[in-house]
Amino acid sequence: MMISNTQKSTFIVHRPLCFLASILAIVLAIFGVAGCASISPAPFTALTTSIQKVRDGADASLSLVHERTRDRYIAEVAAGDVAKVEGLLLTQPAGDPFGWASSDPPLFLKVARFREGVHRLNSVLVGYAGLLSQLASPDLVSPEQFDQLARDLNANLRTSVQALGVSAPSDKEIAIFSTLSAAAFQAYLKNKQRSSLLKALHSNQPAIQEAAELGASAVRITTMALRNEYHHSSAKLAALIANPKMSDSGKQTTLRELIELDEKFIKEISVLRTLHQSYAALPAAHQELAAGLVDPKHGLPMILELLEKARDLNRLHDELSKGD
Amino acid sequence: MAFEQTQKEKVIESLMAEHRQGQIAEINLRLQDKPDEAEKIWQSNSRLSAEIDILIGQMMDEWIGNAERAIKGLEKISAKLEAAVAEIKKQIHVAQNVVKIIGLLDDAVAIAKKVVKGF
């Protein structure tokens, strides 16, 4: 009978408390502010947190691929495929004093470059999400700043009125005038804050769609490369087990190694599947931020799904590192 | 590009599946104690493996080429966002400066008033 993971896999649930608490706080904040007229920063924070997790997850997976392609290269060259060594003799490209080139770059060098590119793309995405959070932050146009403005204005008015020898009106009258002006200015800026955010979210939607598709494509390429390395490592172990000259205890040890390799690969593939799902959810989550700004009662299912994926990634990483 | 596999990915995937079948056949032959036949399969499978490595490397190179443009686009939109944040902060600073200037002018009025009283 054939078994596979094409059905949804089930895992033992292990949740690191700190990360879970932070996710819970964000989820509560998302639900807690629904219905308020002001901009809620929680969904923006959730987006940033999720993309950070995706960046870490993608980098960790590519680090594995790099390590394994490098190890395989060493093993293959050492086993006699000496012609491959030429690819390691780096040369300087003409006119580039800081450059390096390989006539026939081994796969692990390409993986290293690819890893760098994926990290760059994800870092730019993290930066973008961080800027959205800044623009959505209540601190940008905080009531405290405007209260201070009103207080300063009141103090100035009182000084000037008294200096001119006019019988001073009550503090309350002056305060009301100043507070109203400051409040109007704050309302203007808040409106500007909201309209800037909406404009950014709408106009950047195609760029986010493209970046998410590129991210998903990177995950599929990573999965392919990881699977390729797994094929090599597992076949090598199976060939050892098939060797009739190997002792029973040797076979047992190798068999255990093969089982552990399989278990690890299954977990690694789960991480990559979750990463792919996260990238696929990203455009809709980004779109949801705009919808939530227009209508605060609008639900945020994709943002919550992204957060859920971030939590899954955290758990799977934790399981993988425990295995190490 | 969408969230589904491209044609190229499908081709590599099917080549990898063939390579895997070759590995399984090789192991079966070794288990049947037929090392010579197993070795022949191993050798032709190694050639296929080298081709798969090249194709995976090419896909990575192509991805980097596509990502470069997207990264530049994202950097541009991030710069615009930064400018929007800065613009709002600037307007608050302007308001704070206006209040400060009003304060300074008020002080000047108070001094002038004292001077006028002195005459």
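1. Let's start with A:Arg113. This residue counts as partly exposed, because its relative accessibility is 42% (buried means under 20% relative accessible area, exposed over 50%, and partly exposed in between, using a 1.4 Å probe and protein chains only). A:Arg113 lies in helix H3 of chain A, residues 107-136 (helices are DSSP runs of H or I with at least four residues, numbered from the N terminus).

2. A word on what you are looking at: this is a predicted model, in which local features need pLDDT of at least 70 and side-chain atom pairs count only at pLDDT 80 or more, while totals for chains, interfaces and linings use all residues. Residues are numbered from 1 along each chain as its sequence is written, chains are lettered from A and ligands numbered from 1 in the order in which they are written, and side-chain values use heavy atoms, with hydrogens and water left out.

3. Which residues does A:Arg113 touch, leaving aside its neighbours within four places in sequence? They are B:Asp61 and B:Ile64, where contact means heavy atoms within 4.5 Å. Within chain A, the C-alpha atoms of A:Arg113 and A:His66 are separated by 9.8 Å, and these two residues are 47 apart along the chain.

4. Now look at the whole interface. On the chain B side, 55 residues are in contact with 68 residues of chain A. Between them the chains bury about 5500 Å², with 72% of it on carbon and sulfur atoms (buried area is the accessible area, with a 1.4 Å probe, that two parts lose on being put together, summed over both). In chain B, the residues losing the most area to chain A are B:Phe3, B:Met60 and B:Trp63, together 16% of what that side buries.

5. How many salt bridges does the rule find across the interface of chain B and chain A? There are 6, each a side-chain nitrogen of Lys or Arg within 4 Å of a carboxyl oxygen of Asp or Glu. A salt bridge joins the side chains of A:Glu210 and B:Arg69, at 3.0 Å from N to O. H1 and H2 of chain B each supply at least two residues of the side that touches chain A, and H2(B) gives the most, with 40 residues.

6. Finally, please check B:Asp33, found in the loop between helix H1 (7-31) and helix H2 (35-118) of chain B. Most residues other than glycine have a negative phi. B:Asp33 is not a glycine, yet its phi is positive, at about 60 degrees. Is B:Asp33 buried or exposed? B:Asp33 is exposed, because its relative accessible area is 53%.
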